[in-house]
Amino acid sequence: MIRAKRLAAAFLVAAATLAAAAPLRVTGQLLDYQKGFVFFTTGDGFRVAPAAPVLDLKTGVAAGRAPAPRDWARVTFDATGTVTELELSKAPLPPEGDFEAARRFAIALSPTTANPDLAPATPGPNGVVRTYSGIPVLVTFKVQVPPSTPLTASIYIATDQSAWNPQAMRMQRVDALHFQITRRINSGTHFQYLYTRGSLDTQERAQNGLQRDPRTVLLTDADVRTVSDNVYSWADEASGAALPMPQQIPTPFNPAPFPNLPAGVPTPHR
């Protein structure tokens, strides 16, 4: 009797070992396949190994194409919860495996990564709470340039993210002394920048006329953000040179820059 129980226990252990060693497979319809992940219409997504073969389920040979939405697929997981093989079919496949089990299997073996949306808030200056979830923020940069700026000059923003390309972001003219540009930038982005007139020889200078340190901006969670700056002088300006008076010209942001013209005098055009 004892021997029989021992044999039964040994059989159960062997069966469990074989079951654990057997590859886990599931079938379903694909929703998307991108950036190293495969997504099913069930809402499940799994990481795909970089060298995972993509096969034709019917022939067993390489499919010769990437998985596409609405394909049917059978995926195989390895011992780390990563997809190591995809077998594609245009025809619906009978259910195989259990997505809930696959989900538990993959999640249990995947590395833990903090969800930025659930990260604790970071206290900022004066007790202001800042959060950085990576959401897109609509950021508008506005700058006032010195009166010495040539009327025909274009203003750019150079950043450390663009290897200090002096023409990385071209700004739009608002009037003779003001420019702006709007971009979508993810919150949590921290970068340095300087204003230029299109070359390293024409980048902005500090208020004392010397080379200035780069400006910095750190974007926190928000729908919109406005960054306003002043440029005091340009690197190519001669020291002590007379500053010309600014000239007004119409722009889409300021179509009538001459509000005091006598009646009947036409507004100058660009």
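1. Ile157 touches Phe141, Asn165, Ala168, Met169, Met171, Ile181, Tyr193, Leu194 and Tyr195, leaving aside residues up to four places away in sequence. Contact here means heavy atoms within 4.5 Å.

2. This is a predicted model, in which local features need pLDDT of at least 70, side-chain atom pairs count only at pLDDT 80 or more, and totals for chains, interfaces and linings use all residues. Residues are numbered from 1 along each chain as its sequence is written, and side-chain values use heavy atoms, with hydrogens and water left out.

3. The largest nonpolar core has 22 residues, and Ile157 is among those with the most contacts inside it, as are Phe141, Val143, Ile155, Met171, Tyr193 and Tyr195. Such a core is a set of buried Ala, Val, Leu, Ile, Met, Phe, Trp, Tyr and Cys residues joined through side-chain atoms within 4.5 Å. Buried means under 20% relative accessible area, exposed over 50%, partly exposed in between (1.4 Å probe, protein chains only).

4. At least two residues of this core come from each of strand 9 (136-144), strand 13 (178-186) and strand 14 (190-196). Strand 9 supplies the largest share, four residues. Strands are DSSP runs (E, at least two residues), numbered from the N terminus. Another core, of 16 residues, lies apart from this one and includes Leu30, Val54, Val75 and Phe77.

5. Val231 sits in the loop between strand 17 (224-230) and strand 18 (233-234). Val231 counts as buried because its relative accessibility is 5%. Its contacts include Val143, Pro146 and Tyr195. Val231 and Pro146 are 85 residues apart in sequence, with a C-alpha to C-alpha separation of 6.1 Å.
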